[in-house]
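Please find below a note on the model under review.

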Amino acid sequence: MFKAPRSVAVLTGAGISAESGIETFRATDGLWANHPVEEVATPEGFVRNPQKVYDFYNQRRQQLLSSDIKPNAAHTALAKFEYEFNGSFLLITQNVDNLHERAGSKNLLHMHGELLKMHCLNSRTVFNIEKDFDFDTLCQCCRTPGNLRPHVVWFGEMPLHMNEINSALESCDLFIAIGTSGNVYPASGFYQIAKTRKAHTVELNLGETESAFDTHVYGPATEVVPAYFESLLQT
Ligand code: OAD
């Protein structure tokens, strides 16, 4: 066991929301198996067929807002840890759902955007959205149809909040990745940045990934995340 951490950075991926009923991306029946990435998650796909992209994110937003989808014990454990931990804490999520904030997490960055937001292509103004929207929806700032897109980072685009994320990775002494396959850059390299600065690196995942963390804990997020973070509070 390592000494008690003073600064903790956590990265979450789709695996933490899987037991809440939201599909992961790369499982055999995951989102990318049924919706080709290049069609629904690239700027080029949006130019080619915007309606397909609007439909994809409208469906995902409706699913997120359905009464069946709720934060699970892993989301709650992270919020509890943030509340009770004495040091500094940053939660970075690749997820576009809102389950971390619904569980009570506060110091949270959505690096891949948020399903419940859209932005104007002209002004970059970000708006909250719960209803469906598409090419015909008038933008609230420029009153022009066709100017609104999901506030989600697509392949080939720069993730959000990278300055704050890099600062946290460079100053943390414990980095923990939860439920992410490590397939998508730059999130896949976060543990290496933390390691370079001598942080202890931990992976909590259902199964093995190819990443070289110092410690691996395998099991469903709703079991391993509460147990791991409870033990961390006792160090
Ligand atoms: P993936 O679908 O690539 O990986 C999900 C990970 O969660 C896998 O490693 C699973 O083993 C693990 N997992 C599944 N169920 C779990 C459970 N119950 N408990 C713990 N772990 C579990 O999803 P991400 O790594 O999040 O980006 O994908 C990263 C990015 O790729 C996404 O943010 C998205 C996608 O393309 C964009 O859309 C830009």
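The following numbered points concern a predicted model.

1. The parallel sheet. Six strands form an open sheet in the order E3-E2-E1-E7-E8-E9, and their pairing is parallel. Strand E3 (108-110) and strand E9 (215-218) each have a single partner strand, so one side of each is left without a neighbour in the sheet. From one strand to the next the twist averages 15°.

2. Pairing of E7 and E8. Strand E7 covers residues 174-178 and strand E8 covers residues 200-205; the two run parallel and are joined by 5 bridges. Within this pairing, Ala 177 has Glu 203 of E8 as its bridge partner.

3. The antiparallel sheet. A further open sheet has 3 strands in the order E5-E4-E6, with antiparallel pairing. E5 and E6 are its edge strands, each pairing on one side only. With direction ignored, neighbouring strands of this sheet are turned by 45° against each other on average. Helix H5 packs on the sheet and touches E4 and E6, its direction making about 135° with that of E4.

4. Strand E4 and its partners. Strand E4 (residues 113-120) pairs with E6 in the antiparallel sense over 4 bridges. On the E6 side, Val 152 is the bridge partner of Gly 113, and Arg 149 is that of His 119. E4 pairs with E5 over 3 bridges, again in the antiparallel sense, and Lys 117 stands opposite Asn 128 in E5. The hairpin of E4 and E5 has 5 residues between the strands, and in this hairpin Arg 124 takes a positive phi near 70°. Of the 8 residues of E4, 7 are buried, which leaves the strand mostly covered.

5. The pair of Phe 46 and Trp 154. Which geometry does the aromatic pair of Phe 46 and Trp 154 adopt? The pair is tilted, at 5.2 Å centre to centre and with 50° between the planes. Phe 46 lies in helix H4 (residues 43-48), whereas Trp 154 lies in the loop between strand E6 (148-152) and H8, so the pair ties together parts that are 108 residues apart in sequence. Phe 46 is buried, with a relative accessible area of 11%; Trp 154 is buried as well, at 3%.

6. Tyr 54 belongs to helix H5 (residues 50-65) and Phe 133 to the loop between strand E5 (126-128) and E6, so the pair ties together parts that are 79 residues apart in sequence. Both Tyr 54 and Phe 133 are buried.

7. The aromatic cluster. The count of aromatic pairs comes to 13. Ring pairs link a cluster that includes Phe 46, Trp 154, Tyr 54 and Phe 133. Phe 25, Trp 32, Phe 56, Tyr 57 and Phe 155 are also among the members of this cluster.

Notes:
Residues numbered from 1 in each chain as written. Predicted model: local features only at pLDDT ≥ 70, side-chain atom pairs only at ≥ 80, totals over all residues. Heavy atoms only, no water. Pairing = 2+ DSSP bridges. Axes fitted to C-alpha atoms, helices over the stretch in contact; angles between N-to-C directions. Phe/Tyr/Trp six-rings, centres within 6.5 Å; stacked < 30°, edge-to-face > 60°. Buried < 20%, exposed > 50% of the residue type's maximum accessible area, 1.4 Å probe, protein only. Contact = heavy atoms within 4.5 Å.
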